[in-house]
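Please look at the sequence and the model before reading the points below.

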Amino acid sequence: NLTALIREATGPCIRIAETLEVLLWRLQRLFFLNGEQEFHVFLLVDIGRIKYPSYRCTRTMPVFASREDFLAYEQALQLAQVVDMSLEAGNSEAVNSSFRKARTTLELINAHTEIKHPFLARFSAAWVYATICTVAASFLEKERSNLFIYLFIQRLFFLNGEQEYAEAVNLFKQVLSMQYCPGRRGYWTLRLSIDLEHLQRLEESLLVAENGLNDFNVRGGDRIALQRRVLRLGKPPRRWKVPPYGALLKKKHKVVTIMGRPPNNANGMKSRFYGYDGQQCSVEDLALQYYAGEDGGGWKGVHSESGIWLTLFGLFMWDVIFSDVPDVFQTPFQTAPLDLCTDSFYPVRSSLIESRLQAIRDGRARQLVAETWAEHYGTSCSGVNWEKYSLEDLQTITVCIGGPGLSAICKLLAEDHSNWTAGMPDLLLWKEKEAKLAEVKGPGDRLSEQQVAWFLILSDANVPVELCQVSKTMNDRS
């Protein structure tokens, strides 16, 4: 009866043939070059629901050199989808099986094939397989917290024992020998050094860390972590000279401590506290309430992390982002050029970027925000959030931070967009003509290496930054 009722309610149904479904998927992938956009975007643009920026698509070479290259890329993406579903389900066995397939295939691919445009390298099977190996390794390492899974991984992966760590060493040496995924080289180098230390190959571990610091692609938090390893492993008699960055890593930053009362049912809710208004809130909201009060200095603020900085960067650099550069725009439905998150972005636009940075330093930031807002409001652009921040607040913030600080942050995002979008301080605070940033940490939490890197960068740019540490008070309401 249920089947009959369903058929009566739905009427005739048609199932698309699997071969046609695959064909449509290939067309979508070839046209959009990603799995996030679908064909209905044409309709959404026609009815005005979405507006994309204006730019020129200039193609001088194909993204895929041959049909075989695309089919290999397609097969790698299918395996990546299996990994995504396995990660979501917490299926360690499936993740490990996919890792084995990815690594075996990666060994068969010629990783030294010349790539004319580095920003197109991610549209290759090798790039996808290298990413699968990295993601799977990270997931399986975190499973150590579960004893059963930990013992399972011991047998299948490389978390314990000489043979397993030796396998990890071979894996990271393999991917480091490739020209793909430059943004992951810091992570690979760090893991290689750590695994070599587990094998008691301390001199080799130290050499890997030292050589990693000479790698142009090792940046941010990964660089800080490697520097700490060199300082720890490089004590006499291995090394007699302290590296110059030793003093920099000992640099102190301002710490503000506030008290927060957690709920009585605080188990598993360590990040929740009663705010100054008596309502439960996050540590970031508690900190915002503190800074807004008299004791905190009467600051206006927002919990933004990277959000507000990416919005300002997009507004400042709109004409630069969508300037006429060959091959970076492949379809009319992009919110950013293909090379934005690569090292190719800055060099080919350096004169435009430096000219805009100079305008920001000269005090034209407020004007630039207003001009872009008036001309492009509502147009989709990577990082720009038109709804969360008002024009008035954005203009006030630009004045409070000042041209030198804004230009320093924007230059970082232009030179290495992928790396510096992570680890930004939680809060942006401003009042009158001054501003500062604050990273908020709950009880027992500490700064990550990437956050330490941001503290050092902001200090060098004379942008005030501090750590707001939340400590627990007694639960008794009295």
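The model is predicted: local features need pLDDT of at least 70, side-chain atom pairs count only at pLDDT 80 or more, and totals for chains, interfaces and linings use all residues. Residues are numbered from 1 along each chain as its sequence is written, and side-chain values use heavy atoms, with hydrogens and water left out.

**Annotated domain**

- An unreviewed UniProt entry lists residues 360-472 as "domain: VRR-NUC"; UniProt positions are given in the numbering used here, feature names are shortened, and annotations may be inferred rather than shown by experiment.
- The span of residues 360-472 is 48% helix and 19% strand, and its end C-alpha atoms lie 42 Å apart.
- Helices (H or I, at least four residues) and strands (E, at least two) are DSSP runs, numbered from the N terminus.

**Packing of helices α14 and α19**

- Helix α14 (residues 307-316) packs against helix α19 (residues 391-401) at an angle of about 95°, and their axes are 12 Å apart.
- Axes are lines fitted to C-alpha atoms, for helices over the stretch in contact, and angles run from 0 to 180 degrees between N-to-C directions.
- The angle makes α14 roughly perpendicular to α19; angles under 35 degrees count as roughly parallel, over 145 as roughly antiparallel, 65 to 115 as roughly perpendicular and the rest as oblique.
- On α14, the contact (heavy atoms within 4.5 Å) is made by Ile308, Trp309, Thr311, Leu312, Leu315 and Phe316, and on α19 by Leu394, Ile397, Thr398 and Ile401.
- Eight residues of this contact are nonpolar, two are polar and none is charged; Ala, Val, Leu, Ile, Met, Phe, Trp, Tyr, Cys and Pro count as nonpolar, Asp, Glu, Lys and Arg as charged, and the others, Gly among them, as polar.

**Buried residues**

- Buried means under 20% relative accessible area, exposed over 50%, and partly exposed in between (1.4 Å probe, protein chains only).
- In α19, the buried residues are Leu394, Gln395, Ile397, Thr398, Cys400 and Ile401, and they pack against α14, α18 (365-376), α20, β5 (427-431) and β6 (434-441).
- Ser407 belongs to helix α20 (residues 403-415) and counts as buried at 4% relative accessibility.
- Leaving aside residues up to four places away in sequence, Ser407 touches Leu357, Ile360 and Arg361.
- Seven of the ten residues of helix α13 (residues 283-292) are buried, so the helix is mostly covered.

**Salt bridges**

- Side chains of opposite charge can pair when their charged atoms come close.
- The structure holds 21 salt bridges, each a side-chain nitrogen of Lys or Arg within 4 Å of a carboxyl oxygen of Asp or Glu.
- One of them joins the side chains of Arg26 and Glu74 (2.6 Å, N to O).
- Arg26 lies in helix α2 (residues 18-32) and Glu74 in helix α4 (residues 67-89), so this pair ties together parts that are 48 residues apart in sequence.
- Arg26 is partly exposed at 25% relative accessibility, whereas Glu74 is buried at 5%.
- Arg103 and Glu107 also form a salt bridge (3.7 Å, N to O); they are four residues apart in helix α5 (residues 92-108), and therefore separated by about one helical turn.
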